Amino acid sequence: MNIHEYQAKELLAKFGVPVPAGHAALSVEEAVEAAKKLPGPLYVVKAQIHAGGRGKGKFVELGPDAKGGVRLAKTLDEVKAHATDMLGNTLVTIQTGEAGKQVNRLYVTDGVDIEKEFYLAVLVDRATGRVAMVVSTEGGMDIETVAHDTPEKIHTLDIDPATGFMPHHGRAVAAALGLTGDLAKQAQNVAAKLYDAFLGTDAAQIEINPLAITGDNKLMVLDAKVGFDSNALFRHKDLMELRDETEEDPMELEASKHDLAYIKLDGDIGCMVNGAGLAMATMDIIKLNGAFPANFLDVGGGASKEKVTSAFKIILSDPAVKGILVNIFGGIMRCDIIAEGIVAAAKEVHLSVPLVVRLEGTNVAEGKKILSESGLDIVPANDLGDAAKKIVAQVKVAA
Ligand code: ADP
Ligand code: MG
């Protein structure tokens, strides 16, 4: 689960991380009120969407010459003008995809005099299985570009979970940023606090870009992207309240409400599978047969009829889906329950695409009988290979 920049900064501030003052706003009036509470004379109006690259982004409605989603303002009138420009309009950045994202919230924050911009991220390094801190002097720009063009400018520090963040980690961060004296001390402090915040919130990532040195030699977090490990959210009821459902894919959101593991993909064959491993194998075999899956969907081991029905509805609500492959191994889950769910859902939602079903396992005969007697146009398959061939062929014929 990701949160907005203003929420991330409020959270980090609680852990003692230095951030400029600022206030969120949902309307032009609120944006001006927010600015009035700040000392001035420089304000920054920032679009709040769950995507980076806002500064260089473009508003669809404003044309290519208009400014992006991070704008400086020297007066309250300028704050008002920027807020009017941004609210309700669609911002396209390198991270939003072509469709962009509608801006419904702003963050009005203190304008800071920037001497230098750094990059600092805390994340889980899957190769080492440890929390890692990624640091670079090349802040303020796209870190993927830095990693590609000048990988030597990116330093990665592993943190041993047995010791946690040690003073030497802090010194290594300061050294990687080329800082000495008081600024080095500040860097050590910021890094330690970010590590605390990462562990304390069960974060998946905390990305600070930029971490800036200000004109009066202070280190400040000017942009923060924070995401949490969804599997740990049950431990953080307060963080769950930060969720902004309008930022999430509607189908993924619906799936999460039914406790289904669903990820939307680019292909046209919808998949409903039980077990993550079987789901991966199913996606692979669809590709092997020359087509692409429209989603990953694991209905889980002990899914109920209702769960299967909602899974089916979610797949069918995706306009890209040209055919559906159901691949279920009835171990814990019985095949007849799955069959009932499929029939119920297909009757409830108008089934307009080919459906291939491969059932195997407990009560498979009963399951197959329910499907064949349903009066629905369901193509049965005997095994995984057969199922994949049949659905790919059906979709090709329909196209
Ligand atoms: P994004 O990464 O989405 O483009 P940022 O918050 O990083 O958004 O803003 C882009 C750039 O705008 C920053 O690299 C920084 O140069 C400038 N900026 C952001 N916040 C401030 C601020 N409070 N004061 C001055 N400049 C800022
Ligand atoms: Mg940024």
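Trainee: In which loop is Asn217 found?

Mentor: Asn217 is found in the loop between strands E11 and E12. Keep in mind as we go that this is a predicted model.

Trainee: Which residues of helix H8 are buried, and what covers them?

Mentor: For a helix, list the buried residues, then look for what packs over them. In H8 (residues 250–257), the buried residues are Met251, Leu253 and Ala255. Their cover includes strand E14 (261–264) and helix H10 (305–316). Look at the start of H8 too: a side-chain oxygen of Asp249 comes to within 3.0 Å of the backbone nitrogen of Met251.

Trainee: Which peptide bonds are cis?

Mentor: Among the cis bonds is the one from Gly40 to Pro41, with omega near 0°. Pro41 is found in the loop between helix H2 (28–36) and strand E2 (43–47). The bond from Asn209 to Pro210 is also cis, with omega near 10°, and the place of Pro210 is in strand E11.

Trainee: Which residues coordinate the magnesium ion?

Mentor: At a metal, find the donor atoms and then ask where their residues sit in the chain. The magnesium ion (ligand 2) is coordinated by Asn209 (O) and Asp223 (OD), at 2.2 Å. Asn209 lies in strand E11 (residues 203–214), while Asp223 lies in the loop between strand E12 (219–221) and strand E13 (224–228), so the pair ties together parts that are 14 residues apart in sequence.

Trainee: Are these two residues, Asn209 and Asp223, buried or exposed?

Mentor: Asn209 counts as buried at 16% relative accessibility. Asp223 is buried as well, with a relative accessible area of 19%.

Trainee: How do I read a histidine, such as His169? Where is it found, and what does its side chain reach?

Mentor: Start with its place, then its accessibility, then its partners. His169 is found in helix H5 (residues 167–176) and is buried, with a relative accessible area of 5%. The side chain of His169 reaches the backbone oxygen of Asp158 at 3.4 Å. Leaving aside neighbours within four places in sequence, the contacts of His169 include Leu157, Ile159 and Thr163.

Trainee: And His350: buried or exposed?

Mentor: His350 is exposed, with a relative accessible area of 68%. The place of His350 is in the loop between helix H11 (335–348) and strand E18 (355–361). The C-alpha atoms of His350 and Lys313 are separated by 9.7 Å, and these residues are 37 residues apart along the chain.

Trainee: How many helices and strands does the chain have?

Mentor: The chain has 13 helices and 19 strands. Buried residues make up 48% of its 399 residues.

Technical notes
Residues numbered from 1 in each chain as written. Chains lettered and ligands numbered in written order. Predicted model: local features only at pLDDT ≥ 70, side-chain atom pairs only at ≥ 80, totals over all residues. Heavy atoms only, no water. Helix = DSSP H or I, 4+ residues; strand = E, 2+ residues; numbered from the N terminus. Buried < 20%, exposed > 50% of the residue type's maximum accessible area, 1.4 Å probe, protein only. Contact = heavy atoms within 4.5 Å. Polar contact = N/O pair within 3.5 Å; in protein donor to acceptor, adjacent residues only side chain to side chain. Donors = N, O, S within 2.8 Å, 3.2 Å for Na, K, Ca; no water.
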